[in-house]
Amino acid sequence: MRTGIPGPSSLGRRSKEKRTRQFELAARGVEGDGGTDGMVLPLDMVGSGVWDVAYTIPIQVGTNGQNMSLQVDTGSSDLWIASTSCTDEACSDTKGRLYDPTLSSKATGVTFNISYLQGNVVGPVVWDQVQLGDYSIDFQALAAATTVNSEDLSYDYDGILGLALPLNSIISQLIPPVTNNSPDGASFSSNLFGITPRSQAPAAHYFSLVLQRPGSDRLPSLLGVGRHPSEIVPDPSKIQYSIVVSDEVGTLFWKTYIKAITVYVNSQPMPVAIPRGVKDTPLPVAVLDSGVPLILTTSEIANGIYGALGIGPAADGQYYVPCTTPLNMTITLDNRSEISLHPLDLTSPPSDDASSDSCVGVIQAADSTLDNQSSDIGDMILGVPFMRNTYTVMAYGVPDADGNFSNDTDPDDASSRSEIHPRLGLMGLTNATIAMQEFHTVRVLNQPLTPSSGQTASDASTGGKKMSVGIEVLIGLFGFFGLCVVLFALRWFLTKRKWNKAAAAAAAANAAEMGETKDGVGFTGYQLTRRKSRSSFDDPSDVTLRTTRSMESRKKDRIESEYTVSSGRTHYDGDFDGEFGLHSRTKEESHDFNDPWDPRNYSMAFRDSLYEPDTVQASPETPEPVQERQDHQRTASELRSQPQAVLVPLLAHTRGDSRADDLGEFGLIKLSSMAGVGTAARGSKIDTGLRQSSMSSLNSSGTARHPSPVRRLSLSPRGPRPPSSKSISNSLSSDAEIGHEP
């Protein structure tokens with residue numbers, strides 16, 4: 001039964017390649033091998049999903065296999081296809097995919113004319129071959145429509161496959177059926193279940209439907225032919241059957257009684273008063289019609305349903321519900337369990353304003369159609385919105401207690417094919433709790449149930465719509481606060497690093513001032529020479545500590561020279577490192593073991609002069625003499641008995657060759673040789689009196705030319721010279737070890 005409810009013509013378009021794949025899939029089926037085993041075939045949902053929805057099945061027509069796609073309609077019993085002779089706008093919407101009856105059909109001479117709730121179809125009736133899945137009927141009577149009014153045909157929708165009871169067929173009334181194999185006007189269902197030989201026909205005589213919900217992949221769209229889809233019906237005993245309500249002329253539609261309707265408001269059930277039927281039946285009668293996109297009923301029932309929500313009909317006679325308000329209701333048919341209806345199936349945004357806050361109620365009143373006494377429809381048409389919530393079985397026989405049907409395979413039992421005992425089976429598919437959650441997701445959160453084609457999961461999480469302004473402002477505030485925290489942390493890090501650098505620079509400057517830099521130049525860059533003996537003194541002693549304090553005192557009094565002299569007899573102008581303006585010796589500087597001015601040629605373990613340790617190997621030609629350490633400190637009497645060496649403390653330069661030139665530069669007499677050079681012991685203090693005594697001795701000999709701006713060197717002439725008592729006492733008081741050069 002077609003209502004022809006007008007709606008937007010936005011049926012989907014698909015390529016020929018996709019259509020070919022659909023026909024191949026339909027031929028194979030989802031389950032079953034055809035024949036007595038039955039088949040489960042896929043359906044295609046076309047349209048926007050509410051006002052112009054259609055569930056179609058691919059078929060092939062004619063011996064040349066013309067691919068067509070027909071809507072499965074449980075409210076009518078005839079098969080018609082828009083033909084190439086149709087020039088109406090609806091036929092043009094098929095983009096040229098029309099049935100050509102001249103290729104293989106046989107004319108019957110009968111004209112077909114059917115009127116639906118709105119619209120009509122006219123055309124000649126022909127016989128032609130029709131194949132559905134693995135089942136083929138050689139002489140199926142169908143209408144090659146030349147006039148189609150108020151039908152939203154498209155490239156995926158070429159006509160109607162009526163699956164109502166055979167008695168409702170108009171073609172059968174024009175061409176009465178026969179019991180033999182001669183061509184007649186039998187309906188498609190009668191011919192399908194009556195295929196001969198019987199081994200090629202379905203053993204169980206029933207059709208079944210599962211209709212997919214738009215925007216959800218929870219359930220597929222399937223047509224069962226003599227077979228249940230195992231994914232949907234694991235236990236056939238769960239299907240509840242009832243006798244189909246018949247009319248005066250017989251059983252025309254898949255009808256049942258409405259026993260109860262309940263609307264749940266805030267989880268509280270609110271039963272709707274059930275009136276008597278329009279034809280004075282004890283209960284209202286409902287027709288299951290997959291060709292109607294709405295649920296149509298009387299005003300009394302519609303007012304009771306919407307009245308539970310405090311809603312009445314609008315000025316235009318229709319019912320409108322806030323889109324975020326769920327219509328949560330159940331219907332009880334006959335003695336079955338109540339069937340829950342999904343709230344998304346009962347209201348829909350207006351087709352011309354999808355962003356409206358008011359949705360159109362899918363349950364509408366149609367008194368003018370249903371109150372007609374000449375109509376055999378009843379009190380309610382349970383269309384697609386209801387059938388999406390049930391697994392519907394339209395059986396031509398009576399099932400057993402387990403929900404199974406006897407196999408009708410007896411080739412001699414012709415009565416079994418002519419007699420039918422229709423039963424309507426229903427099994428609810430909607431869980432009310434899950435349905436309410438899905439309604440909240442779609443209508444309140446504006447999110448789809450499943451991502452659409454080309455939409456990523458992240459896009460699906462936003463529902464393809466903008467968030468509310470309040471949420472956007474809140475997100476913006478959190479983002480700004482987070483940015484401020486990041487900037488503050490970055491500034492704190494940079495400031496702290498700047499402070500650390502400043503502190504390091506200050507520490508380096510202070511260390512440079514104190515002669516204790518970290519880069520190897522200064523006090524820590526030099527070390528006292530160690531006596532080359534079998535013993536060493538690694539631990540600092542009191543003498544070492546006193547020496548350190550002495551050096552700190554001397555740093556305050558020292559006078560740096562304007563420049564110093566390199567080992568290569570060139571002036572070194574620049575910054576001076578160390579206590580006495582010394583520069584670090586490089587590895588390339590030579591080490592002359594015959595140079596009496598080089599402090600490394602002496603075995604004194606500790607000296608006042610500081611030098612940078614060098615790694616130059618000693619010359620094998622002049623091995624350094626090894627002086628064993630004495631077991632005791634020498635006394636004054638022992639020192640007097642020894643050949644006298646120079647006892648004046650000497651702070652020697654740590655440079656290389658030609659110390660005589662240095663003396664000339666300082667204004668001293670150039671000497672050809674030196675008997676020996678000594679230094680004060682580690683930790684000793686330079687006695688100013690001793691230095692003055694030595695210089696007085698030097699001046700008395702008339703060798704000094706003028707005072708030097710640097711520290712004066714105390715030299716001894718060739719030959720032994722007795723040390724003064726003052727120098728000896730200074731040496732002994734500092735626990736120094738005096739070297740002896742023979």
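Reader: Which residues does Met329 touch, not counting residues up to four places away in sequence?
Author: This is a predicted model. Contact here means heavy atoms within 4.5 Å. With residues up to four places away in sequence left out, the list for Met329 is Ile261, Thr262, Val263, Ile305, Ile339, Ser340, Leu341, Leu346 and Ile363.

Reader: Which two residues touch the most other members of the largest nonpolar core, and where does this core lie?
Author: The largest nonpolar core has 68 residues, and Met329 and Phe386 touch the most other members. Residues come from both domain 1 (42-201) and domain 2 (236-407 + 420-445), so this core lies between them. A second, separate core has 24 residues, among them Ala90 and Ile175. The two residues asked for are Met329 and Phe386, and the place of their core is between domain 1 and domain 2.

Reader: Is Asp184 buried or exposed?
Author: Asp184 is in the loop between α3 (170-174) and α4 (188-193). Buried means under 20% relative accessible area. The value for Asp184 is 5%, so this residue counts as buried.

Reader: Which backbone nitrogens does the side chain of Asp184 reach?
Author: A polar atom of the Asp184 side chain lies 2.8 Å from the backbone nitrogen of Val178. Val178 is also one of the contacts of Asp184 beyond four places in sequence, a list including Trp127 and Asn191. The other backbone nitrogen, at 3.3 Å from the side chain of Asp184, is that of Ala186. The backbone nitrogens are those of Val178 and Ala186.

Reader: What is the helix content of residues 473-494?
Author: The unreviewed UniProt entry lists residues 473-494 as "transmembrane region". In the model, the end C-alpha atoms of residues 473-494 are 32 Å apart.

Key
Residues numbered from 1 in each chain as written. Predicted model: local features only at pLDDT ≥ 70, side-chain atom pairs only at ≥ 80, totals over all residues. Heavy atoms only, no water. UniProt positions renumbered as here; feature names shortened; annotations may be inferred. Helix = DSSP H or I, 4+ residues; strand = E, 2+ residues; numbered from the N terminus. Buried < 20%, exposed > 50% of the residue type's maximum accessible area, 1.4 Å probe, protein only. Polar contact = N/O pair within 3.5 Å; in protein donor to acceptor, adjacent residues only side chain to side chain. Core = buried A, V, L, I, M, F, W, Y, C linked by side-chain atoms within 4.5 Å. Domains from an automatic or database assignment.
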